[in-house]
Amino acid sequence: MIKTATAAFLAILTSLTFLLFLYSPTTPKSSYHSLFISASLSSNTSISRHLHTLTRRPHVAGTPANAEAATYVLSIFTSSNLRSRITPYYVALTYPISRSLTLTPSPSSPPVSFDLQQETYPGDPYADVAAEVVPTFHAFAKSGDVAGDVVYVNYGRLEDYETLNKMGVNVSGAVVLARYGEIYRGSIVQIAYEEGAVGVLVYSDRKDYGGGGGGRWFPEEKWLPPSGVQVGTVYNGLGDPTTPGWASSEEKCERLSDEEMDKGGDLPLIPSLPISGADGEAILRAIGGQVANDDWQGSEDALTYRVGPGPGVVHLSYTGKQVIEKIENVIGVIEGEEEPDRFVILGNHRDAWTFGAVDPNSGTAALLEIAQRLGKLQEKGWKPRRTIILCNWDAEEYGLIGSTEWVEENRNMLASRAIAYLNVDSAVHGQGFRTSATPQLDELLKQATQQVKDPDNSSQTLYQAWVGSGSSPTIGRLGSGNSDFAAFVQYIGIPSADMTFGKGYPVYHSMYDDFVWMEKFGDPFFRRHVAVASLWGLVALWLADAEFLPFDYTSYALELQKYMKNLEVEILDKNINLTPLFKSIEELKEAATTINNQRREIEQQNNVWPAVWKKNGFKVREVNDRLMMAERAFTDQDGLFGRSWYKHLIYGPSRNDVYGSESFPGIDEAIVKAKRLKTAESWKFVQHEVWRVARAVRHAAKVINGELT
């Protein structure tokens, strides 16, 4: 009888305690999260104003205009009650001094000179500052004066040169003409050099950027005008090339010499120049020889493309200067109330090749919107559990320099304290949400998109638009080196995500990437900007405020199992033992299930008996530390073979395309090499790489389990 009464009393007490906990007068942080994404705090007007202000002038890294943009970002951070500062670095940047390009169509024809100018248009509101646009060039291009027969190499990929070889066309001593669109421009130049070319011209084909040759372009349509040129870097590394692996925190810090940088293999060794579609077509008319394959041809109304060599001869002259310039990262901090030593980091870069309305300042405008919303939340009493850091990077366009220098300088702090890094480069290219992430963030992103309205159809959520007619959304991975997440993922191993609307846009890196283009074609009502800010900020808030980190390594294990299926096909009949990797992935899956169960058990205890929470506080922290540190275990101090800066063994960039993302990059490179060499030793090295990845995955499983052997 006493036992029954006691049990009843405990049941009532438990229910009352749970109700008191559930309806505590303290406003739960979830209400702040709902407020953050509400219409009362979001403003497409303020985002539009930020973008207009940031894009009034071209602002290349190292210029006074970009310093002015940094001051503007700092002012918004400060006025939003973020503890803000500018963190400078002194890095190598290059600028053009002189460029010339002439074409001699045939031995009997006079040479034709190209003016290499992007043209303004009638009524262009930026005509008065067009002279401030840096002349079209490739950053870190090799200075030189070269001439040679022209050979058309399609997109400049390895497979394109294989096609030419089968056609009996040799590019040794030639100036190659490649078109943008498939691989990173630095890889185009590097591959051309390895094939024996003496110079490279890269143009934007109407088929890819001009709307297929319909005859209408910006400002009437979204397409790149005939004189438009995509500028950009051809540096194949990350960070300041004079300080690989350490930060350029002082003007007179230790630096590599020019000779040492050339030997490093990341800087081009032949001159190159980006040119317009109109100039590219003029050169194509001077190329004879065999007709190029159908998939090498241009738009339907274009001339017939031939591969050459010649008879056209091109004379390319380029002189650049390399200088040590001050760049400025702008950092804003909201310190965590309970765990100030745990960091949730949001990042976007500020520098642009021209006006940068899409790339990158659509993202900068969204970052400033987040800062202002967080400031308003603070006014209403919200304080984050963990520290939130907003970062506005500089010199990304030259090779992710600002973010990489910061990560290299703060490596140990970040390795021990960073929860996650959330990147938005160009927030809006057009319609359609896209995201990439390390897999433990997959479910978090899916949940967050269910809370944000689709900016193009308010009757559905962003998640519903993202899924479309499929059963689940597509989430990319972060193996490429095309934005500022690279140092966080590939150098340290920090869980990361990248978000955007749209995929590519025709006026990329040209002087037509301005506020007018965005207002007419990218996001006329700035609703997509608002949606990016809402999602980006909401994910950050969940990571900063959740008791348990919302990481799910089950997704990671399942993703690795998918990669194994592809790997099995690649090494079929090659006598490679994949058992160690299969076993380690299974261990990771079991560890993920175990920690999920542990987390669920503690959550249930805390919900039923809030007084137990203090006793469980250490357990919560310990579980979170295991979740945070597991991604680090996928890195290896020796890095990828021949590319030791890249430490991550699960995700990394393709050796022949920095913009290309590879899973198991070390294994993939070894297989490519082994298939080419066809030696027992090369396949033995493949087995070695399999063992390396297996050990890394097993280390991650042990970190998640949290127990020593």
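Modeller: Let's start at Lys 453, whose bridge partner in β15 is Thr 461. Strands here are DSSP runs of E of at least two residues, helices are runs of H or I of at least four, and both are numbered from the N terminus. This is a predicted model, where local features need pLDDT of at least 70, side-chain atom pairs count only at pLDDT 80 or more, and totals for chains, interfaces and linings use all residues. Residues are numbered from 1 along each chain as its sequence is written, and side-chain values use heavy atoms, with hydrogens and water left out.

Colleague: How many bridges join β14 to β15, and do they run parallel or antiparallel?

Modeller: Two bridges, and the strands run antiparallel, with β14 at residues 453–454 and β15 at residues 457–461. That is enough for pairing, as DSSP has to find at least two bridges between two strands. The link from β14 to β15 is a hairpin through two residues.

Colleague: Aromatics next. How many pairs does a search of the whole structure find?

Modeller: It finds 30 aromatic pairs. Rings of Phe, Tyr and Trp (its six-membered ring) pair if their centres lie within 6.5 Å; planes under 30 degrees apart are stacked, over 60 edge-to-face, and the rest tilted. Tyr 505 and Trp 517 make a tilted pair, 5.6 Å centre to centre with 55° between the planes. Tyr 505 is in the loop between β16 and α16, while Trp 517 is in helix α16, twelve residues apart.

Colleague: Are Tyr 505 and Trp 517 buried or exposed?

Modeller: Tyr 505 is buried because its relative accessible area is 7%, and Trp 517 is buried too, at 1%. Ring pairs also tie both into a cluster with Tyr 121, Phe 218, Tyr 508, Tyr 512 and Phe 521.

Colleague: Which ring does the charged end of Arg 527 sit over?

Modeller: The ring of Phe 525, 4.7 Å from its centre. Lys 222 lies over the face of Trp 223, at 4.9 Å from the ring centre. The test is NZ of Lys or CZ of Arg within 6 Å of the ring centre and within 35 degrees of the ring normal.

Colleague: Where does Ala 486 sit?

Modeller: Ala 486 is in helix α15 (residues 485–492), and it counts as buried because its relative accessible area is 0%. Leaving out residues up to four places away in sequence, Ala 486 touches several residues, including Leu 238, Leu 400 and Trp 645. Contact there means heavy atoms within 4.5 Å. Pro 653 is 167 residues away from Ala 486 in sequence, yet the two are 9.3 Å apart in space, C-alpha to C-alpha.

Terms used:
Buried < 20%, exposed > 50% of the residue type's maximum accessible area, 1.4 Å probe, protein only.
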